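User: Please take a close look at the surroundings of the ligand. Then walk me through a few other spots, step by step.

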Amino acid sequence: MTENLKIIEIEVLRYNPESDQEPHLEVYSVPFSDDMSVLQGVQYIKDNFDGSLTFRWSCRMAICGSCGMMINGIPKLSCETFLRDYYPDRIRVEAMAHFPIEKDLVVDLSGFIEKLESIQPYIIPKEPRSLDQGEYIQSPKQFNDYIQFTSCINCTLCYAACPQFGLNPDFIGPGAIALLHRYNMDSRDGAAAERMELVASEEGVFNCSAVGYCSEVCPKHVDPANAVNINKTNAAKDYFLRFLSPKGGAK
Amino acid sequence: MKSGLKRSNAPIFWSLFGAGGMLSALFGPALVFITGIAVPFGFLLPADAMSYPKMLAFAQNLIGKGFILAVIALFLWFAAHRIYHSLHEFGIHAGLAAKLICYGSAFVATVISVVVLLGLGF
Ligand code: SF4
Ligand code: FES
C-alpha cells in the first residue's frame, strides 16, 4: 500500500513557550492518500515524527469547530480540507491568525470565551412565564428569522479572517455578534435592548469596516458580516432615536 | 454583561458615510461624465449647459443649493471616513490627529459650502 502513497511536504508553524523565543516553521514529508485531510496530515506528523506537536481537534467532521488553522494563509477547518487539493505543492499550516499562540497550532481562546459570555447567549424571556402557560409557539417566519445564526460552531475562523479584530482585540467580533443577533431575533427573547449596550459600545459593531471576509471563510454559512451590518443599522437607530424613546434606550 | 462600556459615537460618522457612499454611487459617475466629458467636449450636452449664469441660477435656487451642498459635503464625509479607516487598516493609528484631519476637513468644507451657498443669495 505504501508504494501508492504520494508524499506531500507540510510546513508547520511550531512554538514551544518553554524553549522558543518566537514561532518558527518546520517541514515534514508526509505520505498521504486522496482521502486524507490536513488534520490527518498533522496527526501523521504527531504519530510518526514528533509526538510533541500540539493541535486541537475532536469530531473530524466539521461539527465541533476545534480544528481551525491557517492553511496556506487562509482560515480553514483542517478536518474538511484535503491534502490532495494542495499536492504537489508544499502546504503551510499555522496557528489561527490574530490569536495569541499557546503552543504550536493551539491558540488562546479565553478572550473569545469572555466575549461569548458577554453577549448573554441564552434566551431572556420578555416576561416571566409559568409552566401552565405552556410552550412557546413560533411561526415558520419567526423561526427563519434566527435559524441561520444558530449554525455557528464557535470555530473562530471568522476572527482569524477579520482584519479589524486583528487590529483591535477588544472588538466583540463576527462570531459573537452573529450569536448575539441569533438571540435578539428569537421571538422568545426580550433582551435586545440590554444587549444593545454592548453592540453600540466602542467594542461593538462599529469596529467593522465591512470587509466581509468573515462570511467568506465561515464553514457554516452563518454570514456573520450580515449580522454585524444589521446591528450597525440597529445601533445607529438606537443612537439617534434614544432621545425619543421613553426608556431612553441603552445608556 | 460587561461593565464600563462606553457608547461609541460612530453612528454620526457612519450615517454621514453611508449617505455619502450612496450618493456618490448614484451621482458620482454621472457628475464626472457631465462636468468632465459631456460639457467640456460639447458631447450630448450643449457647451453652455454649465455657463456661469446658468450655474449661478442653479445655486440660487433652494433645491439647487441643497443638491450642491449634499454633493460636496456628503461626498467629503464619505471620503473622510473611508480615508480614516484605511489609515487604520494600513497600520497608521494616528488616533485623534487622523480623526481631526479627516473629519475636520470634511467639517470645514461643509461650513464653507454652507456659507458660500447662502452668500449667493436666493
Ligand atoms: S460565525 Fe462561522 S466562522 Fe465564525 S465562529 Fe461561527 S461558524 Fe465559525
Ligand atoms: S475536528 Fe471538529 S470541526 Fe474539525
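**The ligand and beyond**

Ligand 1 sits in the largest cavity. This is a predicted model. Which residues are around ligand 1? From one stretch of chain A come A:Cys152, A:Ile153, A:Asn154, A:Cys155, A:Thr156 and A:Cys158. A:Cys218, A:Pro219, A:Val222 and A:Pro224 complete the list. By class, this shell has 8 nonpolar and 2 polar residues. It has no charged residues.

Next, a helix in chain A. Helix H7 covers residues 192-199. Its buried residues include A:Arg195 and A:Met196. A:Leu198 and A:Val199 are buried too. These residues span an arc of only 155° around the axis, so they lie on the same side of H7(A). What do the buried residues of H7(A) pack against? Their partners in chain A are helix H2 (110-118), helix H6 (174-184) and helix H9 (224-241).

Now a loop residue. A:Phe49 is in the loop between helix H1 (38-48) and strand S3 (68-71) of chain A. Is A:Phe49 buried or partly exposed? A:Phe49 counts as partly exposed because its relative accessibility is 42%, between the limits of 20% and 50%. Leaving out residues up to four places away in sequence, A:Phe49 touches A:Tyr28, A:Ser29, A:Val30 and A:Tyr44. A:Tyr28 is 21 residues away along the chain, and the two C-alpha atoms are separated by 8.0 Å.

Last, chain B. B:Ser24 lies in helix H1 (residues 10-38) of that chain. B:Ser24 counts as buried because its relative accessibility is 15%, under the 20% limit. Beyond its neighbours within four places in sequence, B:Ser24 is in contact with B:Pro29, B:Phe75 and B:Phe78.

Note on methods:
Residues are numbered from 1 along each chain as its sequence is written. Chains are lettered from A and ligands numbered from 1 in the order in which they are written. This is a predicted model: local features need pLDDT of at least 70, side-chain atom pairs count only at pLDDT 80 or more; totals for chains, interfaces and linings use all residues. Side-chain values use heavy atoms; hydrogens and water are left out. Buried means under 20% relative accessible area, exposed over 50%, partly exposed in between (1.4 Å probe, protein chains only). Helices (H or I, at least four residues) and strands (E, at least two) are DSSP runs, numbered from the N terminus. The arc is that of the directions from the helix axis to the C-beta atoms. Contact means heavy atoms within 4.5 Å. A residue is near a molecule or strand if one of its heavy atoms lies within 4 Å of it. On a 1 Å grid over the protein atoms alone, a cavity is a set of points where a 1.4 Å probe fits but cannot get out, and a pocket is an open set with protein on both sides within 12 Å along at least five of seven lines; lining residues have an atom within 4 Å of a point. A molecule sits in a cavity or pocket if more than half of its atoms lie within 2 Å of its grid points. Ala, Val, Leu, Ile, Met, Phe, Trp, Tyr, Cys and Pro count as nonpolar, Asp, Glu, Lys and Arg as charged, and the others, Gly among them, as polar.
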